[in-house]
Amino acid sequence: MEKFRVGVVGATGMVGQRFVSLLKDHPWFQVTCVAASARSAGKKYAESVGDRWAFDWPIPADVAEMTVVDASDIDAVAAQVDFVFCAVDMKKDEIRALEEAYAKHEVPVVSNNSACRGVEDVPMVVPEINAAHLAVIEAQRKRLGTKRGFIAVKPNCSIQSYVPAITPLLDFGPEKISVCTYQAISGAGKTFKTWPEMVDNVIPYIGGEDEKSENEPLKLWGHVENGRIVDATEPVISAQCLRVPVADGHMAAVSVSFRNKPTIEQIKERWANYETEAQRLNLPSAPKPFLQYFEEPDRPQTRLDRDFQNGFGVTIGRLRGDKLFDYRFVCLSHNTVRGAAGGAILTAELLCAKGYITRQA
């Protein structure tokens, strides 16, 4: 098949680099444009990134030689792409303005940023959880006055370990969730080389993360009504988010109470058999299975299990009773694959499969 032409806006940052890496040899997508700040524009991508390349493997050769475009030169980017991934590092109001400008230039935007997550006609998507929310794009296009252009976003990386585990259990009526997340330094765009202070250290604060972890799941579990996404009202979520000395992988320790308490066997059965439209559509990046439960008491472990299903899957373990809640368990996801660039790529695959992203005429 003819591949979609893809731009990466914010291509020189860590998430942008992850986009470039994951898109190498993608069966549907071909990187045709890399864009970044004005100080990087005009340089070859490899020169612009320099020693900030965050991975052990080399920059894909075709992208290494691309000339970086100024991200603010939307006409120049739009001429080269069918859609863009956005992972810029700017103030939120600037990001929203930039992403809406791309959309109004009829360039669909699949964003890793948080600036538009709270906009009620912008779908915030995990394909295995709320693919139906894409229906709101029609209303967003009316607001923006576009035919092709729109914005879709992925949620915060902190919720993508535990929310997938709760979703198959929603009909049991989860009422209260307490979660503590243990988040890798790559979530801050850092490595141990660039952030040596994190070695042998834990920081019990990540700005804005507790609030995102408490609120964003309610949008994922909401529904589309009259051209907007109406958030769910339950469960109540209390979150604490900690930065830990791990390169990649966000772990979550979860306690949950249900209105209609399931058995442990019922929970494990739901996790084992959870299949979604992403798998039925055979999207290239869709993990099969999406969820995996470990019976071993010491799993999942970050180093052993963050790359489950090439980093697109979620692993779960230690399901047991809880003295304050009904049950507790732990979950793990790869924060820069499933939780960032990879999740956005999977969302773009869904958007293409559903006809929301088309090739430029």
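Which strands does helix α5 (residues 92-104) lie across? In this predicted model, where local features need pLDDT of at least 70, side-chain atom pairs count only at pLDDT 80 or more and totals for chains, interfaces and linings use all residues, helix α5 lies across β1 (4-9), β4 (83-86), β5 (109-111) and β6, and runs at about 155 degrees to β5. Residues are numbered from 1 along each chain as its sequence is written, and side-chain values use heavy atoms, with hydrogens and water left out. Helices (H or I, at least four residues) and strands (E, at least two) are DSSP runs, numbered from the N terminus; axes are lines fitted to C-alpha atoms, for helices over the stretch in contact (heavy atoms within 4.5 Å), and angles run from 0 to 180 degrees between N-to-C directions.

The strands β3-β2-β1-β4-β5-β6, in that order, form an open sheet of 6 strands with parallel pairing, where a pair requires at least two DSSP bridges between the strands. Because β3 (69-70) and β6 (151-153) stand at the edges with a single partner strand each, one side of each is left without a neighbour in the sheet. Strand β2 (residues 29-36) is joined to β3 by 2 bridges, and Ala36 has Asp70 in β3 as its bridge partner.

Most residues other than glycine have a negative phi, and most peptide bonds are trans. The peptide bond from Glu234 to Pro235, however, is cis, with omega near 0 degrees, and Pro235 is placed in the loop between β9 (228-230) and β10 (236-243). The bond from Arg299 to Pro300 is also cis, with omega near 5 degrees.
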